Amino acid sequence: MIKTGFFRFKKLGQKYLLTNDLGDFIFLQKKDFKNFKEGKLKEEASVYKELDKKHFTSKSWRCENCQARLTNRYASYRGKYLSQGPGLHIIVVTLRCDHACRYCHASSKNMTRTDLDMQEPTAKKVVDMIFETTSPFINVEFQGGEPLANFGIVKFIVNRVLEKNKKAKKELRFSLVSTLSLLDDKKLNWLHGKKISICSSLDGPEKLHNKNRPKLDGKSSYRATCQGIKKTKKKYKDLHYQVNALITTTGDSLPLWKEIVDEYVKLGLRDIHLRPLNPFGMAKGLQKLLGYSAQDFVTFYKKALDYIIELNLRGIDIRERIAKMIAQKAFTDNDPNFLDLRSPCGAGIGQLAYHYNGDVYTCDEGRMLGQMGDGTFKLGNVHKNTYKEIISSEVTKSLCLASTLEGLTGCSDCVYLPYCGVCPVFNYSEEGNIFAQAPNNFRCQVNKSILDYLFRKFETPEALKIFKKWLSK
Amino acid sequence: MSSKNRRNIKTIKTQKQNGQLVISLNPKIYPLEAIYGACYVFVDRAYLFLDGDPKKEIKVFIEGKRKLDSKKLEELAGEFKNELLDYVLRTAIAKNTKKIRETIVEKALFSAFPSEETSEEEHIESDPLGIAVPWEEKYGEKK
């Protein structure tokens with residue numbers, strides 16, 4: 001007879017890692033684990049007290065404090081996004097781009113194709129649909145192609161959203177994802193005036209960045225992006241927004257883990273998000289050329305993270321986003337609500353993606369597949385369908401079901417369930433099925449290995465101090 | 001555990017046949033859910049097949065995706081048995097905590113979500129059949 005609360009576990013090194021639904025975790029020595037599961041741990045033992053404090057014992061698992069914390073966790077995490085409706089609205093204002101990135105996720109087209117720009121009637125319908133969301137919070141994210149190539153429509157949408165919000169009174173946020181190569185002072189002043197946060201893409205040092213992200217005019221994309229980041233940082237100094245950049249890791253990036261981190265430090269970027277390549281857009285066809293195994297990526301991640309921790313110990317302020325999010329999930333009840341690491345995922349219920357022609361997709365990943373000619377994740381079109389038709393689509397329901405970890409084989413009993421998430425669109429793209437076979441799934445392999453590494457790091461006082469410092473800022 | 005002791009265990013029998021393992025299990029000791037769970041962990045490394053009688057004996061056939069020599073097969077059998085034990089424990093924890101866990105999670109979810117109940121006023125406003133409209137308003141004053 002088991003005399004414990006509910007917990008999940010795995011053997012990690014010489015110890016056992018235990019986690020519970022609260023996201024609390026504890027490492028136990030083999031002997032303590034055996035005694036605990038057999039109900040033989042003495043209540044006076046310090047390890048029992050620790051288990052009790054973290055709600056692993058039968059008694060503390062049933063107590064009011066545990067119930068209150070679980071309620072709070074669901075309220076801040078699942079309660080918010082499951083009951084509120086889509087808050088993130090991604091708008092692809094054009095497919096044109098002045099870059100020809102090797103892995104282009106958006107399957108961008110060259111700058112002459114103005115027929116691939118979003119037009120005003122479509123933009124108007126998109127904004128109308130956004131305001132039908134039941135979410136009290138709206139984040140409009142402009143993407144492309146290169147959104148600055150159709151800046152007129154960006155301005156039109158922002159102004160229309162602001163106008164409509166005078167009545168709707170939603171909590172608003174705008175963001176723009178751009179290479180920044182088309183950013184001039186006029187555009188920057190306007191974006192700053194409207195408090196639009198800016199996120200760019202920086203793959204690392206000049207040679208790597210230019211190889212991964214060549215510009216169509218043959219000039220250095222690295223210089224254009226770095227100049228844009230510096231200008232934006234200077235302009236945005238008076239706002240609390242941080243200018244962010246995202247890295248896309250190719251096979252060429254793997255040996256350059258130190259140089260990539262150094263590049264982010266050099267530009268004064270406070271966050272780096274070490275993420276693997278997605279199999280969408282052109283990347284799918286080029287996977288053999290650009291790709292790597294899960295183990296290769298994990299090795300890269302570990303080296304880079306160790307270096308980031310070392311830099312922090314030397315007083316240099318840079319944070320790794322995955323590590324920060326996992327630490328937030330493990331040490332607080334406040335979930336970061338990152339759409340890739342939540343259950344269920346955000347597709348359709350947390351976000352919608354609007355293509356330049358008005359097609360609506362469950363998420364940006366679904367839209368990328370749509371652009372490649374696979375419309376599986378298309379929910380409708382703003383000109384033809386109502387919000388109700390879009391939101392109550394069977395596709396949305398299926399994705400919700402396929403990303404609720406408690407119902408997934410390989411996830412439901414995984415020790416990392418409280419910290420993880422799956423992407424059914426990724427699974428579909430890789431395995432032809434929105435339900436993944438976890439042990440064979442690239443993302444599962446990467447996530448599990450990174451989580452193994454992070455939880456081991458949580459046991460190291462020096463690293464733990466850094467992670468906790470990241471959470472306090 | 002010595003190999004002699006290992007051979008004496010009657011609840012698990014391991015055989016090697018044509019490069020594959022056949023592990024026979026007593027279902028009274030190892031619940032079917034635990035066997036399924038343990039098998040699933042190996043789908044990246046091996047092809048697995050189950051046979052037998054769920055009341056008497058379950059046979060697990062395991063064949064490496066890559067050809068495995070006798071030593072590797074033995075290692076795989078050992079790993080499978082350890083994983084099986086973990087899954088027996090997981091199944092027991094899930095079973096023993098099921099009721100109370102459902103209650104706790106239900107209560108937490110119920111409290112966390114905003115109430116969907118609407119106010120009395122809103123009910124009256126959405127009165128499609130006009131049930132809440134007074135007789136006099138609907139048909140005029142009685143004379």
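Entry 1, a charge over a ring. I began with A:Arg443, whose charged end sits over the ring of A:Phe426 at 5.9 Å from its centre; I count a charge as over a ring if NZ of Lys or CZ of Arg is within 6 Å of the ring centre and within 35 degrees of the ring normal. I note that this is a predicted model, in which local features need pLDDT of at least 70 and side-chain atom pairs count only at pLDDT 80 or more, while totals for chains, interfaces and linings use all residues. Residues are numbered from 1 along each chain as its sequence is written, chains are lettered from A and ligands numbered from 1 in the order in which they are written, and side-chain values use heavy atoms, with hydrogens and water left out.

Buried means under 20% relative accessible area, exposed over 50%, and partly exposed in between, with a 1.4 Å probe and protein chains only; helices (H or I, at least four residues) and strands (E, at least two) are DSSP runs numbered from the N terminus. Just after helix 17, I found A:Gly432 with a positive phi of about 75°.

I found 24 aromatic pairs over all chains, where rings of Phe, Tyr and Trp (its six-membered ring) pair if their centres lie within 6.5 Å, and planes under 30 degrees apart count as stacked, over 60 as edge-to-face and the rest as tilted. One of them is the tilted pair of A:Phe9 and A:Phe33, at 5.2 Å centre to centre with 45° between the planes. This pair links distant parts of the chain, since A:Phe9 is in strand 1 (residues 8–12) and A:Phe33 in helix 1 (residues 30–37) of chain A, 24 residues apart. A:Phe9 is buried at a relative accessible area of 1%, and A:Phe33 is buried at 2%.

Why is the pair of A:Phe467 and A:Trp470 edge-to-face? The ring centres of A:Phe467 and A:Trp470 are 5.4 Å apart and their planes stand at 75°, so the pair falls in that class. These two residues are about one helical turn apart because they lie three residues apart in helix 19 (residues 461–472) of chain A. I also noted that A:Phe467 is buried at 0% relative accessibility, and that A:Trp470 is buried at 0%. Both belong to one aromatic cluster, whose members include A:Phe25, A:Phe331, A:Tyr416 and A:Phe458.

In total, 25 residues of chain B are in contact with 31 residues of chain A, contact meaning heavy atoms within 4.5 Å. The two chains bury about 2500 Å² between them, 70% of it on carbon and sulfur atoms; this is the accessible area (1.4 Å probe) that two parts lose on being put together, summed over both. How many salt bridges are there between chain B and chain A? I counted zero, a salt bridge being a side-chain nitrogen of Lys or Arg within 4 Å of a carboxyl oxygen of Asp or Glu.
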